[in-house]
Amino acid sequence: MPNSKNEKLIVLVEKMPAFPKSVQQIVQLTSDINASAKDIVRVIECDPIMTVKILKAINSSFYGLPQKITSVQRAVVHIGLNTIKNIALGVAAMGMLSANNKANFNTSNFLLHSLTTAAISKLLAERIGLSSTECSDCFVAGLLHDFGKVVFAEFMPDEFKLALEKSQEQQLPLHQTELEFIGINHSQAGKILAEKWELSDPLIDAIAHHHDIDHNQNVLRDCVFAANQISKHMQFGNGGNPLIEAFPESIVIRFGANLSAMCDDLGDLESIKIEAQSFINV
Amino acid sequence: MKIKFWGVRGSIPTPGPNTVKYGGNTTCIEIRTNDNDLIILDAGTGIHALAQTLLKEMPIQAHIFITHTHWDHIQGLPFFIPIFIPNNQIKIYGGIDPVTNETINRALSVQLQYSFFPIREAQLNARIEYATVKPGEPVKVGSATITPIVLSHPVLNFGYRIDCDGQSVFFTGDYEPQLNIYDPEDDEYTEFQSFVDAKWDEVVLAMKDVDALIVDSSYTNEEYASKQGWGHGTYDSGIKLATAAKAKKLFFTHHEPTRSDASLEAIYQNLLQNNPATGFELLLAQEGVDISL
Ligand SMILES: [Zn+2]
Ligand SMILES: [Zn+2]
């Protein structure tokens, strides 16, 4: 994709609306003076668009933070709830992501895929004993790993539709057909945006390389990769990619199991799905 | 370095017989370096009286650092008389608001509109400059170094540390130390607490060993119980900060608007009794008193 097209995409995404239920809940919670802080934070951290806009605002070089902030909770501690709440309200004012985009991409199923990947990614991080900060970073990385897709659905629906259809019909990886029709895949688009928004390096890397695991060491990306396959295997939601990738050796070593052994070991994840659904259905 | 409070009241000016001693103007602090460079922290209504004293020094160079854009910290700006007089140089410093993306020049321009004020921004005769400051990035004014840090309040708020000629002052602006928003039984509690603790350490480091720590102490503990999340500190949160930072003097300011001189003094006596061995001096900020460090 030529650079001018990237620039255009970056400008368009500024106006990107969030998911309907979070928009509705933010409007409702912010007009209730007694709304609890944790309810507000919960809504924001379960919406990829609101999350990414807050991380963008807070990590902007205007503020020159010595250390990047990767989670909504840390952003709240850093600057205070009211500022975070008002950034979210600004996102809500841009409207709601429509359920019927021209790409025929089901955004509810997409959100369910993103949320369950986020929750499983955090669960995996806990299992391998990462610090609590890293565990919450894994949630954020899982939530944001595919946001390039929803950007395509919103701003390049015709091309994305072709990519989705071909991927489905010929059982090809979606990131491959995206490359064919759009000239860039969702992880590359995510990377461009995440870099532009000055997100943390591990987060950019997890978004950029959640389909090519041979890349350098990044535990965040490994958790997201594994969680992504587990979520697809469990058929939680749908990110539009019909293929489930086997765990490569590095992932098997990291988690001590292959995909099916891992799924057996994790047992029933239905509660993760049910909780995620409660953030989706209007 | 010398300090003088010109406004010590929070939220709204409170003139009248009950506030004569400590003062009823909203936040404004004058700081003079040993070379007499003028640094002003916030432009509440107290800045008007400060301006009167500057008229005999003109032309002046003033460096005004705004902690945040809530009304009580900017409403004196259009009444800072030197802005109308040629040859004065006034530089206003502040952050970029992450919600509106507006810089600090809006603090003045928003007030100088037809409906709200008779003079237009274009009619100001002094040379007025605006500077965006970033947390952790020091700014120089003469021999002074001013370093901002983000402190939690309902709008972007900077605490400023001023280091100059071997002495130091820290002013919090309006600041409520972040509490854990979760309950101990919530899964998120421990992790959130680790963020709270990390921020606390960062804040204490920023005010470490200062000669004077000036804190927003709007509330008593009893009042605070119903005012959590309003963005202000308590007398006790100020003492906790000063203790952790090993400050030498602690000034309580942003006095709650309904607080009379008598009730301020009663609270103060209580504080002295309950905190006999803090290792630092406790003081109520009072308008018009010269303080040498
Ligand atoms: Zn105030
Ligand atoms: Zn304020």
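A residue counts as buried when its relative accessible area is under 20%. The views below come from a predicted model.

**View 1. B:D174 sits in a loop of chain B.** This loop runs between β10 (167-171) and α4 (189-206). Is B:D174 buried or exposed? Its relative accessibility is 1%, so B:D174 is buried. B:P148 is 26 residues away from B:D174 along the chain. The C-alpha atoms of these two residues lie 13 Å apart.

**View 2. B:D174 touches residues from other parts of the sequence.** Leave aside residues up to four places away in sequence, and its contacts include B:H68, B:S152, B:H153 and B:N157. B:D216, B:G231 and B:H232 are also among them. So are B:D72, B:H73 and B:H254, which are touched by B:D174 as well. With B:H254 there is also a polar contact between side chains, at 3.1 Å.

**View 3. Protein donors surround the zinc ion (ligand 1).** Which residues supply them? They are B:D72 and B:D174, each through OD, and B:H73 and B:H254, each through NE2. These donors lie 2.1 Å from the zinc ion. Along the sequence, the donor residues follow the spacing D-H-x100-D-x79-H. Why is the arrangement called irregular? The angles between the four donor atoms run from 89 to 167°.

**View 4. B:D174 bridges two zinc ions.** One is ligand 1 and the other is ligand 2. The two ions are 3.6 Å apart.

**View 5. Two further donors of ligand 1, B:D72 and B:H73, are buried.** B:D72 has a relative accessible area of 6%, so it counts as buried. For B:H73 the value is 0%, so it is buried too.

View 6. A disulfide is a covalent bond between the sulfur atoms of two cysteines. How many disulfides does the structure hold over all chains? There are zero. B:C28 is in no disulfide, and the nearest cysteine sulfur to its own is that of B:C164, 18 Å away. B:C28 is buried because its relative accessibility is 0%. B:C164 is also buried, at 3%.

Conventions: Residues numbered from 1 in each chain as written. Chains lettered and ligands numbered in written order. Predicted model: local features only at pLDDT ≥ 70, side-chain atom pairs only at ≥ 80, totals over all residues. Heavy atoms only, no water. Helix = DSSP H or I, 4+ residues; strand = E, 2+ residues; numbered from the N terminus. Buried < 20%, exposed > 50% of the residue type's maximum accessible area, 1.4 Å probe, protein only. Contact = heavy atoms within 4.5 Å. Polar contact = N/O pair within 3.5 Å; in protein donor to acceptor, adjacent residues only side chain to side chain. Disulfide = S-S within 2.5 Å. Donors = N, O, S within 2.8 Å, 3.2 Å for Na, K, Ca; no water. Tetrahedral: all angles 85-135°; square planar, octahedral: opposite > 155°, others 65-115°.
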